[in-house]
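User: I would like to learn how to read the features of a protein model, one at a time. Please give the general idea and then the case at hand.

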Amino acid sequence: MSVPRSRPVRGQAVIAVATVAFLVGALAWLDRTGARAPAQLAAGTATSGAWFCPHGSASKVAVALYLANPGSSTVRARVTMLGSGPAKPPESYDVPAGTTLRIDQAPEDRGASTYVEYFGGWIGAGWVASTDEGVAAEPCAADAARRWFLADGTTELGEEAYVVVANPFAAAAVMNVILYTSNGPPIRDSRWTDLVVPARRSIALHLNAMSKGEPEVAAVLEVSVGRVAAASLGVSDRTGLRGALGWTGPATGATFPLLKGSGDTELLLLSTGGESIRFGATVLSEGQPRPAGGLTEQDHGPAAARAYAVPVDPGPLGIDLFTLEDAPVVAALRALGPGEDLGATAGAVSPSDSWLVLPAVSRAHSTPGAVLVNDGDAAVVATVALLPREGGTAAAPVTVHVPAHSAAAVPPDFWASNSGAAMLVRSEGGPLVALAASTSGRAGAFALSMGVPLPPGPSASSGEGVAP
């Protein structure tokens, strides 16, 4: 028996027709207007970054890492020790606003480095490596790079020269190493060709193994895969130390502040080009500018590393290097302190209106000092403040007048009120260059440490958001 099929009611037919009409109209509208782009996300406001600290070490060498926060809020730092073996888990620290944090380390790896990441604000970082007789200090590198130039090396009798190379990243780095001396062609060795620096490791290159008995040995790192950070480390028979952060490229000039030197000072130059260059240097002090050691139109040979003696007074000064015809050059400064320990620094290629100067002292019986150099045509007034350790106190800020084309020392008693504090320098009237020069211990261990320019922004230009 068949069952009759029911027909749809009239209302259902009307709804179906309306639905089809709506869908056709919607599709036509989308075809004309296109898909709407999603709303753009708001820009983030958190500040983060990293510092690369290739300080090196050895047995009986202590390393102090200084982190300083000139801002108005606490910054979280994550610190990872690197060496020839697997890296240990990082440690986290809070750096309160307007303070300096010291982290004591005792790495035994010659190629030891420290990797510092920061979150929620900006901080500066620097290191001090020390023994009973010597001290080395420099700021950490703000960036890793694919080229590094290191001018301060000597392999004469009783001197050991190293280049410390840090790779904190998750992939291996590959590089070629080229050495330059005062005489002879550049040195390329198969052992340092396509040299691999494993991921999250740090190594030391012993320059004596490739070139012995040379008064000057400079190194160039050409990285083909990845990025690294590098600094030189010099060790003498008496375990005196010195260190200088490398340059990431040649320049046509630089400024090298100096304080507490004994007069035995050398300007170190490296040229990697195939032609000779000409250069000069001027001493900026509390008196009138004058040629540095007679260096006015000095010839420097092609593809060579050489040292030029610059007799100086022990007071505050700056050595202003310049090249003729905009010739590119790499440089460093090596100076003997009041004892028998040498200090070294990479200097500064550019001045700045704001500097953070990290401590260069390692322990008790230290005499900290700082020098400000003004190579401009107008006088500068600098406001100098200390960032004490958490819970500590420091002297009230002071002002330092630095005439045009001159140098001035921060009052000695000012930093002595808290030698473990970082120093914040803000200038009015023009930019300048700032450096720490300190002696430590009864042996007069000597160290030079360049300041760190503050990043551009309100905190660097007007002081807004920066702790006094």
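Analyst: What follows goes through the fold, the disulfide, the salt bridges and the pocket. This is a predicted model, in which local features need pLDDT of at least 70 and side-chain atom pairs count only at pLDDT 80 or more, while totals for chains, interfaces and linings use all residues. Residues are numbered from 1 along each chain as its sequence is written, and side-chain values use heavy atoms, with hydrogens and water left out.

User: How many helices and strands does the chain have?

Analyst: Helices (H or I, at least four residues) and strands (E, at least two) are DSSP runs, numbered from the N terminus. The chain has three helices and 36 strands. For contacts, meaning heavy atoms within 4.5 Å, take pairs at least 6 apart in sequence: 80% of them join residues at least 24 apart.

User: What share of the residues is buried?

Analyst: Buried means under 20% relative accessible area, exposed over 50%, and partly exposed in between (1.4 Å probe, protein chains only). Of the 468 residues in the chain, 53% are buried. Accessible areas come from the Shrake-Rupley method with a 1.4 Å probe, and for residues only the protein chains shown count as cover. The chain exposes about 20,600 Å², of which carbon and sulfur atoms supply 54%.

User: Which residues does the disulfide join?

Analyst: A disulfide is a covalent bond between the sulfur atoms of two cysteines. The criterion here is a pair of cysteine sulfur atoms within 2.5 Å. The structure holds one, between C53 and C140, with an S to S distance of 2.1 Å. C53 lies in strand β1 (residues 48-53) and C140 in the loop between β8 (135-139) and β9 (147-150), so the bond links distant parts of the chain, 87 residues apart. The torsion about the S-S bond of C53 and C140 is about 100°, so the disulfide is right-handed.

User: Are C53 and C140 buried or exposed?

Analyst: C53 counts as buried because its relative accessibility is 0%. C140 is buried as well, at 3%.

User: How many salt bridges are there?

Analyst: Side chains of opposite charge can pair when their charged atoms come close. The rule asks for a side-chain nitrogen of Lys or Arg within 4 Å of a carboxyl oxygen of Asp or Glu, and the count comes to 12. One of them pairs R76 with D94, the closest N and O atoms being 2.5 Å apart. R76 is in strand β3 (residues 75-82) and D94 in strand β4 (residues 91-95), 18 residues apart. R76 is partly exposed at 39%, and D94 is partly exposed at 41%.

User: Where does the partner of R278 lie?

Analyst: R278 forms a salt bridge with E297, with the closest N and O atoms 3.1 Å apart. R278 belongs to strand β20 (residues 277-284) and E297 to the loop between β21 (290-291) and β22 (298-300), so the pair ties together parts 19 residues apart in sequence. R278 is partly exposed at 32%, whereas E297 counts as exposed at 52%.

User: Which residues closest to the centre line the largest pocket?

Analyst: Rolling a probe the size of a water molecule over the atoms shows where empty space is left. On a 1 Å grid over the protein atoms alone, with a 1.4 Å probe, a pocket is an open set of points with protein on both sides within 12 Å along at least five of seven lines, and lining residues have an atom within 4 Å of a point. Grid points are joined across faces, edges and corners, and a volume is the space filled by probe spheres set on the points. The largest pocket has a volume of about 810 Å³. Among its 32 lining residues, C140, A141, A142, L245 and P453 are the closest to its centre. Strands β1, β8 and β36 (452-453) each supply at least two residues of the lining.
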